[in-house]
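Thank you all for coming.

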Amino acid sequence: MIDKVRNMGNGLHVEDRSGKGNRSRRRGVLQFISSAQMRTLDEQTIQEIGLPAAVLIENAGRAIAAEVVRFCLDQKVHKVNRGGQGRLQRRIWDEYPNGVSNPNSLELEHWLVLVGKGNNGADGIAAARYLVDSGLCVTLLYATSEQEMSIETLAQAAIAQKLGIPSKLYGRDDLAYGQFTGIIDALLGTGSRGNPRGNVAEMIDQANLTGLPIMCADIPSGVDADTGALYHPCIQARVTLCLGVLKAGLTQYPGAHAAGTVVVRSIGIPAKLAANVKPAGFVLTDEILERELGVDPARLRDSDGHKGTYGHVLVAAGSSTMSGAGLLASKAALRAGCGLATWALPEALAPHVAGAVPELMLAPVGGSMGWGAAAAHEVLRLLETRDVLAVGPGLGRFEEEGAFLRALWEGAPRPLVVDADALNILAAAGGLAAWKRRESATILTPHPGEMARLAGVSTAEVQRDRLGLARAFALEHGITLVLKGSRTVVAAPDGRIFVNTTGTPGMATGGAGDVLTGIIAGQLAQGLSAEQAAAFGVHLHGLAGERAAALRNSPASLLAGDIIEQL
Ligand SMILES: NC(=O)C1=CN([C@@H]2O[C@H](COP(=O)(O)OP(=O)(O)OC[C@H]3O[C@@H](n4cnc5c(N)ncnc54)[C@H](OP(=O)(O)O)[C@@H]3O)[C@@H](O)[C@H]2O)[C@H](O)CC1
Ligand SMILES: [K+]
């Protein structure tokens, strides 16, 4: 069963605890929902099914405590390879110089639970009980007095009091943070609104200042559960134990960064109920590619196929100062599996790149004028015998650029991938609202800056709600959108959203976007639909980037061309 999404570097990593998983693949069915959907699910479970809130809270508390114990054990011991014989031996960390006879002992752990007034706080108190029973020392720190607590939180506080679990009220009782080894953040959950206020804000600030490992109940207090945007202040966690279903905001930065490792655990919400909820989106895994998108991640080929079976990509790209962009996109299309690729390029450029990729056909266009309205008509003629058009990488800006792109947009009766300079031309020419809706599949692949220009907002606004903006844009304009950046979002025109989990920070390098354009076009040529090609394309692009980075001494030295070689 897949139950863990690990945040390593810039990647959202799905971890397979069955032990059968292949590390280079992402497996499992991972869907995410909004905080409103989660609240509805909680309410339905409680009111319609009759499973009491206290049961869900009990399950949540037990799950949080189990993760704290796992975390403590992972911290206390590490595995060393003894004598090169491949045997793993547990060794106690140096912080226990006098020796603790049982390396699994938790008696030196003292965790502080920050308790908010809502049901998130109730989860934290329930977790405290299980931790005490596991042998840890626990102190509860309440943000509010009992009068302000929710019914469930009040009930949990009463139980904890009867069990003699030490507690303090923030602001009234003294507290020395130095005595603690870790903190559970149970201040705010899905009921959180806006910047944390009052005691809650002070407790978040102080918790961060301690430098202690923080484990969050459900979401980090201060993260917007729907967008991943940060309020101020916001908990910076080591682990977030997400309850029931993954929350959308934990899939996107900066929320994902604040959350640390994200673990999703069941709290007893019946699967039958959960299945009725339309997910806000999916994390791209092999299973999601297969089940939701109908893509075969193994990329199997017909035994009687020939180059014509796998389609012909036409790339319109490049200029005298950016000749590599067209080469990268075209070569990536070939490596992505299309049968043939032709690069339409300015005539003056052709002699300089001839033979650079022997498998590639060159089609010089535009005569001495280079790109322009006349070149567009030549590209359209070439497209008559090709299956897909990718336009944009390295085009530069030029006279008649609007007329050039509009001719392709309106005249290309084939799937179209629009990237890079073509996106800026599109934005400068009034954006999609001013252009006819195309009948054939259309994929736009903007990075956040290009997206900002297309949507007429600032880059910061794009990044504040990548999921929401991508979905709204794709729905409104009837196109498939690939909003690039760490955790690339693929939004289909039917409102479905997919978040990519593959990739490495090393891929932040010139030309990586051109490679992605080629890969997506290559998938389209093989008959995939726009959303299939976009989702599978970003997934493959990231996997290839990870493999390429692993072959180098540092991910920082990754080149876009290396990604192509690992497809
Ligand atoms: N719903 C259930 O029965 C279950 C929920 N689970 C857990 O509970 C939370 C959601 O619980 P909820 O009580 O809805 O919300 P919170 O715990 O997040 O608390 C919200 C209260 O906090 C106040 N608030 C809201 N925003 C802020 C802020 N920015 N600063 C300070 N305080 C804030 C607000 O009160 P106000 O009076 O100030 O409006 C809210 O009342 C969920 O995440 C789970 O952890 C269980 O797991 C299962 C059952
Ligand atoms: K929390």
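Which atoms coordinate the potassium ion, ligand 2? The donors are N120 through OD1 and D185, L188, A217 and I219 through O, at 2.6 to 3.0 Å, where a donor is an N, O or S atom within 2.8 Å of the metal, or 3.2 Å for Na, K and Ca, and where sites may look incomplete since water is not among the atoms. Along the chain these donors follow the spacing N-x64-D-x2-L-x28-A-x1-I. Within that set, L188 in the loop between β9 (182–186) and α5 (198–210) and I219 in the loop between β10 (214–217) and β11 (239–243) link distant parts of the chain, 31 residues apart. I219 counts as buried, at 2% relative accessibility; buried means under 20% relative accessible area, exposed over 50%, and partly exposed in between, with a 1.4 Å probe and protein chains only.

A word on conventions before I go on. This is a predicted model, in which local features need pLDDT of at least 70 and side-chain atom pairs count only at pLDDT 80 or more, while totals for chains, interfaces and linings use all residues. Residues are numbered from 1 along each chain as its sequence is written, chains are lettered from A and ligands numbered from 1 in the order in which they are written, and side-chain values use heavy atoms, with hydrogens and water left out.

As for the overall fold, the protein has 19 helices and 23 strands, taken as DSSP runs numbered from the N terminus (H or I of at least four residues for helices, E of at least two for strands). Its radius of gyration is 27 Å, close to the 24 Å that the globule rule gives for 567 residues, so the protein is as compact as a globular protein of that length; the radius is taken over C-alpha atoms, and the rule is 2.2 Å times the number of residues to the power 0.38. Buried residues account for 55% of the 567. Of the contacts between residues at least 6 apart in sequence, 70% join residues at least 24 apart, contact meaning heavy atoms within 4.5 Å.

Let me turn to helix α13. Seven of the eight residues of α13 (residues 421–428) are buried, so this helix is largely enclosed by the rest of the structure. Those buried residues pack against β18 (388–391), α12 (401–411), β19 (416–418), β20 (442–444) and α14 (448–455). In the loop between β19 and α13 sits A420, which has a positive phi of about 50° although it is not a glycine, and which is buried at a relative accessible area of 15%. After α13 comes G430, whose phi is also positive, near 105°.

What other backbone features deserve a look? R487, in the loop between β21 (480–483) and β22 (489–491), is not a glycine and yet has a positive phi of about 65°, and at 3% relative accessibility R487 counts as buried. There are also cis peptide bonds, including one from H232 to P233 with omega about -5° and one from Y253 to P254 with omega near 0°. P233 belongs to the loop between β10 and β11, whereas P254 is in the loop between β12 (246–247) and α6 (255–259). As background, most residues other than glycine have a negative phi, and most peptide bonds are trans.
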